[in-house]
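Here is a colleague's note on a structure that is new to you. Please read the points with the model open beside them.

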Amino acid sequence: MQLNNNVTEFILLGLTQDPVRKKIVFVTFLLFYLGTLLGNFLILATIKTSQALGSPMYFFLFHLSLSETCFSTSIAPRMIVDTLLKNATISFSECLIQAFSFHFFGCLEIFILILMAVDRYVAICKPLNYMTIMSRQVCGVLVAMAWVGSCVHSLAQIFLVLSLPFCGPNVIDHYFCDLQPLLQLACTDTYMVNLLLVSNSGAICTVSFVMLMFSYIFILHSLRNHSAEGRRKALSTCFSHIIVVVLLFGPCIFIYTRPATTFSVDKLVAIFYTLGTPLLNPLIYTLRNAEVQNAMRKFWSKALVSDDRL
């Protein structure tokens, strides 16, 4: 797979080359990553152990937290370690694995958000048929399709990169192996490849964002026929989802819907959706959801009682 390549490894420039700033980056992103793991693992454990959170919405939330944990893990640990090194390098194979993992779990997160929007539409607009339409079997099939679709998306990206020769520069001006900065190092014209990549990642981001916003607008419009209490509860849930959608898709559309050009602000934007959003999402879902908060209190109470008995 590397027969046409002279390049066996890449140098990652990271966010900065200044030793003092590297230490600041190390501490900041270590805290971000630990916070992401703690928040998402708490949601995963709470949903898994709580009988009160057995509805399809929390089934999808479980998989969203799982995808965010894996998504952040595909980037953060290596980035944190690289800040301690004078020269951060990554092999060609590891670079492709990181790019595959990043796009796989990022795409999975997008698909899960779409499923959560579908779930809210059925719950609010067709409440009498909700449990029939969104049965456990249907939800399981939908999530499985999301995993398969994400895998197809990522494999398509990687196969396009594998078709390119890398024989000259090997310095990636980024803190992880993303496809856009990688294309600039290829020893051939990458116009068509970049067009295919943009039509893949860019289309997924843009079309998914438009679909989600229209679906929530339709849901919010339908709430006029509900009671005041029903509207309040539905609005709380939907606004939480809308906040997550805007925070995730805004930076992604900025990065993946344009030609293979890089701007100085790209790395800062990438930080927001690779480390910031996975940290914020658990806070958004727990602070705006009374059921999750109550389930978490019960989970911690059981954990503390178990510790006391030991």
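1. Start with burial. Buried means under 20% relative accessible area, exposed means over 50%, and partly exposed lies in between, with a 1.4 Å probe and protein chains only. By that rule Cys139 is buried, at a relative accessible area of 2%. Cys125 is partly exposed, at 27%.

2. A word on the basis. This is a predicted model: local features need pLDDT of at least 70, side-chain atom pairs count only at pLDDT 80 or more, and totals for chains, interfaces and linings use all residues. Residues are numbered from 1 along each chain as its sequence is written, and side-chain values use heavy atoms, with hydrogens and water left out.

3. How many disulfides are there? A disulfide is a pair of cysteine sulfur atoms within 2.5 Å. The count by this rule is two. Counting bonded cysteines along the chain, the pattern is 1-3, 2-4.

4. Take the pair Cys95 and Cys177. Their sulfurs lie 2.0 Å apart. The two cysteines are 82 residues apart and link distant parts of the chain. Cys95 sits in helix α4 (residues 92–125), while Cys177 sits in the loop between β3 (171–172) and α7 (179–183). Helices (H or I, at least four residues) and strands (E, at least two) are DSSP runs, numbered from the N terminus. The torsion about the S-S bond is about -115°, so this disulfide is left-handed. Is Cys95 buried or exposed? Cys95 is buried, with a relative accessible area of 0%. Cys177 is buried too, at 0%.

5. Now the pair Cys167 and Cys187. Here the S to S distance is 2.2 Å. Cys167 is partly exposed at 38%. Cys187 is partly exposed at 33%.

6. Look next at helix α2 (residues 56–73). It has 18 residues. From first C-alpha to last it reaches 26 Å, close to the 26 Å expected. The expected span is 1.5 Å times one less than the number of residues. Of the 18 residues in α2, 15 are buried, so the helix is mostly covered.

7. Where is the largest pocket lined, and by what? A pocket, on a 1 Å grid over the protein atoms alone, is an open set of points where a 1.4 Å probe fits, with protein on both sides within 12 Å along at least five of seven lines; lining residues have an atom within 4 Å of a point. The lining has 20 residues, and Met57, Arg120, Lys233, Thr237 and Glu291 lie nearest the centre. Helices α2, α4, α9 (228–256) and α11 (290–309) each supply at least two lining residues. The most come from α9, with six.

8. The lining of this pocket has nine nonpolar, six polar and five charged residues. Ala, Val, Leu, Ile, Met, Phe, Trp, Tyr, Cys and Pro count as nonpolar, Asp, Glu, Lys and Arg as charged, and the others, Gly among them, as polar.

9. Last, Leu279. It belongs to helix α10 (residues 266–287). Leu279 is partly exposed, at 21% relative accessibility. Leaving aside neighbours within four places in sequence, Leu279 is in contact (heavy atoms within 4.5 Å) with Phe32, Gly35 and Thr36.
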